[in-house]
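I opened this model to look up its surface, its strand pairing and its salt bridges. My notes follow in the order of the look-ups.

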Amino acid sequence: MDKQNAQMDAPHPGTNFPAAYHPQYPPAAFQGPPGHTGYPGFGYPHPQGAYPGTQAGYPGPQADYSVSPPGYSGAGPVGFPVQHQPVYNQPGGPAGVPWMPAPPPPSGCPPGLEYLSQIDQILIHQQVELLEVLTGFETNNKYEIKNSLGQRIYFAVEDNDFCTRNCCGADRPFTMRILDLMGQEVITLQRPLKCTSCCCPCCLQEIEIHAPPGVPVGYVVQNWHPCLPKLTIQNERREDVLKIIGPCLVCSCCADIDFEIKSLDEENTVGKISKQWTGFVREAFTDADNFGIQFPLDLDVKMKAVMLGACFLIDFMFFERSGQGEQRAGVW
């Protein structure tokens with residue numbers, strides 16, 4: 001009996017309290033997440049019925065972490081998201097990048113394209129694949145798609161097999177799947193295998209854009225020209241809507257390369273697709289590129305999605321290295 005009483009009076013593991021001391025508040029080592037009402041077994045109320053418990057990834061208390069003084073409004077433990085700026089993690093993408101809040105969808109907007117209704121600029125950042133840099137084997141491309149504030153809108157992943165990537169190189173057909181913050185596929189880009197030489201004008205490049213998957217919203221087709229890269233943006237009925245015209249020499253040093261988006265008569269410029277200079281090291285040793293797309297704010301969201309497909313087609317046509325490590329400098 002005396003042995004049991006001695007065990008009951010012994011200090012609790014992990015604390016420095018005397019044997020006979022009984023704290024009147026939960027020590028820092030036993031405090032839960034903000035909003036938690038207590039834990040059973042310590043004389044405090046049980047969690048509410050709707051409380052889901054400790055979430056996976058919630059950082060536990062540190063050994064030397066002490067209780068903050070009253071009125072302190074610090075950032076909290078390391079890894080805990082700051083309030084009013086939620087962070088969502090997308091499988092396959094880097095953690096800690098904020099997502100753009102979902103705006104109310106406009107009337108007739110395909111699901112998932114409501115993010116494009118309130119922006120006039122898109123930034124596309126291709127991720128550097130370490131395995132590709134070290135081995136030289138082509139891997140599936142991955143891209144972050146952001147707004148001008150740096151908030152992620154979508155995450156794009158190439159869906160291709162090893163043989164197609166490494167045998168066909170930059171000319172390969174591909175399916176690009178564009179996902180939203182919930183991991184749902186909202187846009188699908190399909191590029192068939194086509195000719196890349198302007199000597200064969202009957203089988204030029206094109207890409208098909210679906211939003212949602214299985215529902216075509218537009219096409220981007222290459223137009224034959226002996227010197228200039230020219231593309232036509234078409235709607236879901238294959239009707240020409242806009243033109244894209246690039247420079248005669250598609251290469252640069254310390255400068256951006258602009259592909260202008262023009263009206264059908266090529267008189268008015270309504271936007272542009274820019275391949276951004278990323279620095280000598282990245283340009284020389286990787287094929288990971290950054291792009292920017294500018295278009296009118298009131299442009300139809302379907303055409304904005306088609307311009308997104310045009311950007312990926314331009315990337316593969318002119319800036320994705322071939323199997324020999326070469327990059328095209330023009331339509332030839």
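**Surface and overall make-up**

I took accessible areas from the Shrake-Rupley method with a 1.4 Å probe, and for residues only the protein chains shown count as cover. On that basis the protein chain exposes about 18,200 Å², and carbon and sulfur atoms supply 57% of this area.

I note that the model is predicted, so local features need pLDDT of at least 70 and side-chain atom pairs count only at pLDDT 80 or more, while totals for chains, interfaces and linings use all residues. Residues are numbered from 1 along each chain as its sequence is written, and side-chain values use heavy atoms, with hydrogens and water left out.

I then looked up burial, where buried means under 20% relative accessible area, exposed over 50%, and partly exposed in between (1.4 Å probe, protein chains only). Of the 332 residues in the protein chain, 39% are buried.

I counted helices (H or I, at least four residues) and strands (E, at least two) as DSSP runs numbered from the N terminus. The protein chain has five helices and twelve strands.

For contacts I used heavy atoms within 4.5 Å. Among contacts in the protein chain with a separation of 6 or more, 44% are between residues 24 or more positions apart.

I treated two strands as paired if DSSP finds at least two bridges between them. Strand β10 (residues 257-262) and strand β11 (residues 269-276) run antiparallel and are joined by six bridges. Their hairpin has six residues between the strands, and glutamate 266 there takes a positive phi near 60 degrees. On to the next pairing: β11 also pairs with strand β12 (residues 290-294), in the antiparallel sense, over five bridges. Isoleucine 273 has isoleucine 293 in β12 as its bridge partner.

**Serine 274**

Is serine 274 buried or exposed? I find serine 274 buried, because its relative accessibility is 7%. Serine 274 lies in strand β11, and aspartate 258 stands opposite serine 274. The side chains of these two residues also make a polar contact of 2.6 Å. A polar contact here is a pair of N or O atoms within 3.5 Å; within protein, one must be able to donate a hydrogen and the other to accept it, and residues adjacent in sequence count only if both atoms are side-chain atoms. Leaving out residues up to four places away in sequence, serine 274 touches Ile257, Asp258, Asn290, Phe291 and Gly292.

**Salt bridges**

I required a side-chain nitrogen of Lys or Arg within 4 Å of a carboxyl oxygen of Asp or Glu. The structure holds twelve salt bridges.

I looked at glutamate 158 and arginine 172, whose closest N and O atoms are 2.8 Å apart in their salt bridge. Glutamate 158 is in strand β3 (residues 152-159) and arginine 172 in the loop between α3 (162-168) and β4 (174-179), 14 residues apart. Both glutamate 158 and arginine 172 are buried.

Glutamate 185 and arginine 177 form a salt bridge at 3.1 Å, N to O. Glutamate 185 is partly exposed because its relative accessibility is 25%, and arginine 177 is partly exposed at 31%.

Arginine 238 and glutamate 206 meet in a salt bridge at 3.8 Å, N to O. Arginine 238 is in the loop between β8 (230-235) and β9 (240-245), and glutamate 206 is in strand β6 (residues 206-210), 32 residues apart. Arginine 238 is partly exposed at 41% relative accessibility, whereas glutamate 206 is buried at 18%.
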